[in-house]
Amino acid sequence: MTMFHFLNCAILTFGPHAVYYSATPLSEYDTLGTSIKTAVVYLITALIKLVCLATFLKVSESDSFDPYQELLKALIGFIDVAGLYFALTQLTHRNISQNHKFQAVGLGWAFADAVLHRLAPLWVGARGLEFTWDYILQGLEANANLVLCISLAALGSLMWLRKNKPKTLIPIIYACAGIVATMPSITSYLRRSMGWHFPEVVGFEIFTSLVMAFISWQLFSACQRPST
């Protein structure tokens, strides 16, 4: 029963990444190499973030919300944006369109994040004798993060790769990218300052990911229309 629960949670956590790859044109254009290289970039970025967090943040004795600490975390979190910039603009990609490129980059980024932050807790905790909803919620959180990563990659491709985008949309693109990039600090505020429980935070992340995906899709479609 415990192994069955672990397998269910693992499929919920990592399965959507495989489904997204196989159900979209990404598999037809053989973009797996782009996703793998992006995952490597994510691991390097995560290591840099870890060093910065250990250097500049102090260990808090309480679980209360510290604005100064969270501001530092948010600033350090923008290292992810730099990593995405490198993955989108500096990695060598096969002859794939911008549409497929940002999806492959976002997918690789989200999968690396899921493996790094959720595989070990699943392996240790989901095989426990006592059933808990926490790991199912972690799987749902990983799905929301997948949508957010692809949305951020789409916004990044508009910022850095799309040259002829409408000027009226530029502030909206940057504002949406800023919201997605600071999601960890937003959820931290909801947990520590507002007292939200884990299911409420996951629900907020799922809702926000769907909203940002819709906005990113609309922005991407608007930027692809020929200018008049």
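Glutamine 69 is buried, with a relative accessible area of 8%; buried here means under 20% relative accessible area, exposed means over 50%, and partly exposed lies in between, with a 1.4 Å probe and protein chains only. This residue sits in helix H3, residues 67-77. Leaving aside neighbours within four places in sequence, glutamine 69 is in contact with Leu57 and Lys58, where contact means heavy atoms within 4.5 Å.

The model is predicted, so local features need pLDDT of at least 70 and side-chain atom pairs count only at pLDDT 80 or more, while totals for chains, interfaces and linings use all residues. Residues are numbered from 1 along each chain as its sequence is written, and side-chain values use heavy atoms, with hydrogens and water left out.

Let me turn to the overall fold. The protein chain has nine helices and zero strands; both are DSSP runs numbered from the N terminus, helices being H or I of at least four residues and strands E of at least two. The radius of gyration of the protein chain is 18 Å, close to the 17 Å that the globule rule gives for 228 residues, so the chain is as compact as a globular protein of that length. That radius is taken over C-alpha atoms, and the rule is 2.2 Å times the number of residues to the power 0.38. Along its principal axes the C-alpha trace spans about 60 × 40 × 30 Å. Of the 228 residues, 45% count as buried. Among contacts between residues at least 6 apart in sequence, 80% join residues at least 24 apart.

Next, the interior. A nonpolar core is a set of buried Ala, Val, Leu, Ile, Met, Phe, Trp, Tyr and Cys residues joined through side-chain atoms within 4.5 Å. Which residues touch the most other members of the largest nonpolar core? Of its 38 residues, they are Phe102, Leu155, Ile173 and Leu219. Two or more residues each come from helices H2 (32-56), H4 (79-89), H5 (98-125), H6 (134-160), H7 (170-181) and H9 (198-224). The largest share of this core, 10 residues, belongs to H6.

Phenylalanine 102 deserves a word of its own. Not counting residues up to four places away in sequence, Phe102 touches Leu88, Ile150, Ala153, Ala154, Ser157 and Phe220.
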